[in-house]
Amino acid sequence: MTAENLVADPGSVDEIAGAIKGLRVDPVVLLEASLRRIAAVEKEVHGWCLLDRDNALAQAQVLRQEAQAGRLRSALHGIPIAIKDVLDVAGLPTRAGSKTRANIAPSTIDAHVVTQLRVAGAIILGKAHTTEFAYFDGPPPTRNPHNTAHTPGGSSAGPAALVAAGMVPLSLGTQTAGSVSRPAAYCGIAAFKPSTRAWSSFGLVPFAPSFDTVGVFGHRVSDVVAAARVLTPPYLRQGAAAAPSPLSIGFIDDPITEAASVAVADTLRVAADALAGSGVRVERIQSPVPFAEVGGWHKTMIEYEVARAHPGLEHNSDVSAGLREAITRGRLTDDPPYRNACTALDVARDRFWAAAAHVDALIFPAAPDVAPAGIKTGDPRFIVPFTAFGGPIVSIPVGFGVGGLPLGLMLAGAPGADAAIADVAEKVAKVIELPR
């Protein structure tokens, strides 16, 4: 099967919501369409680790009855959704991509964010593949629908690939370093990573709790914004002003961008020109903190934390070598270096957002280049600083590079600016997002 057949638009969340409201389609029909698409392409994409067809159908039947009675729970009513297999779903095991959890019992309760989705009327269709414990190593069998010889990124490989292949309109992933933003860019789709830990992490298998954050994938920016508006807690929605006009967008300069490919540099230039041509105020902003230093503090913190979250994995031969080595490094990291990294990052975060306080959002490439060949998860260094700085990140598909593989840009805001960034992202996407 060709890439043209593996890549598909699963449908606009807004349009699906309108069709369900108008009784032109119902949740059962929508679920059956997802199952047909899964049957057609999953054997090549390998995005699912568990499908829960019977329970999904039962959910869809209830939601169909509610829609027919005019009771719609939210914009996600009847939307099939995949859940990354580090988040608990009641009745299904959470194996976290690890042989060490192969025989774990099914979860007895949903992760809180899964409960929110159920309350909103989403259909939980199953679990999607992850790298081992959502680390860089231990890749799953998932392939990039644009070219199955290339990685879909990680650790949220399955959730991103399922959406890119048109199997579900939305999926949940998690980001500790770059695991929502990078797979979205590599797979040519959109994603919304909220402010750090803004969405509940109850029921999430921990890796580095200081950074572990649930995010959502969708085919287009409007899809992930629709989901984010449902999942964003009230305290981040209250008093949020609409996106200003004209917008002011900063393009960040940092020595790390020397690693960017020609295609990535071109997408930045084209995006800046297009935004300026549409009336957006565009300016270059020099990062006041070297991104390479931020990456070092982030690494110290995540390795220290995973070593204490999963000490029993260090000498387990069923665990990938890369994860065992990271845990060993973390165990050997004493409290003072960890605390120093926390302090340095806090200072850097304040300096960075103070330097960008006069613009509405920032734009930066999601990766140095397109998805690499093979199963390695890819280069996270462009994303890590923004993850560490703690604000919301919207991934926007903007172009293609070598081999016709996708390229994406990140639209980032300060911590707590989730509602504002959702509004800004919708406006920016109208200018620079690939036609959807």
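Helix 14, which covers residues 418–432, has 15 residues and reaches 20 Å from its first C-alpha to its last, close to the 21 Å expected at 1.5 Å a residue, where the expected span is 1.5 Å times one less than the number of residues. The model is predicted, so that local features need pLDDT of at least 70 and side-chain atom pairs count only at pLDDT 80 or more, while totals for chains, interfaces and linings use all residues. Residues are numbered from 1 along each chain as its sequence is written, and side-chain values use heavy atoms, with hydrogens and water left out. Helices (H or I, at least four residues) and strands (E, at least two) are DSSP runs numbered from the N terminus, and the protein chain has 14 helices and eleven strands.

Among the buried residues of helix 14 are Ile 421, Val 424, Val 428 and Ile 432, buried meaning under 20% relative accessible area with a 1.4 Å probe, protein chains only. An α-helix has 3.6 residues a turn, so residues three or four places apart point the same way.

Ala 361 lies in strand 9, residues 361–365, and is buried, with a relative accessible area of 3%. Residues up to four places away in sequence being left aside, Ala 361 touches Ile 421 and Val 424, as well as Ser 248, Ile 249, Gly 250, Leu 411 and Ala 412, contact meaning heavy atoms within 4.5 Å. Lys 21, by comparison, is 340 residues from Ala 361 in sequence and 34 Å from Ala 361 in space, C-alpha to C-alpha.

Of the 436 residues of the protein chain, 59% count as buried.

Methods: Buried < 20%, exposed > 50% of the residue type's maximum accessible area, 1.4 Å probe, protein only.
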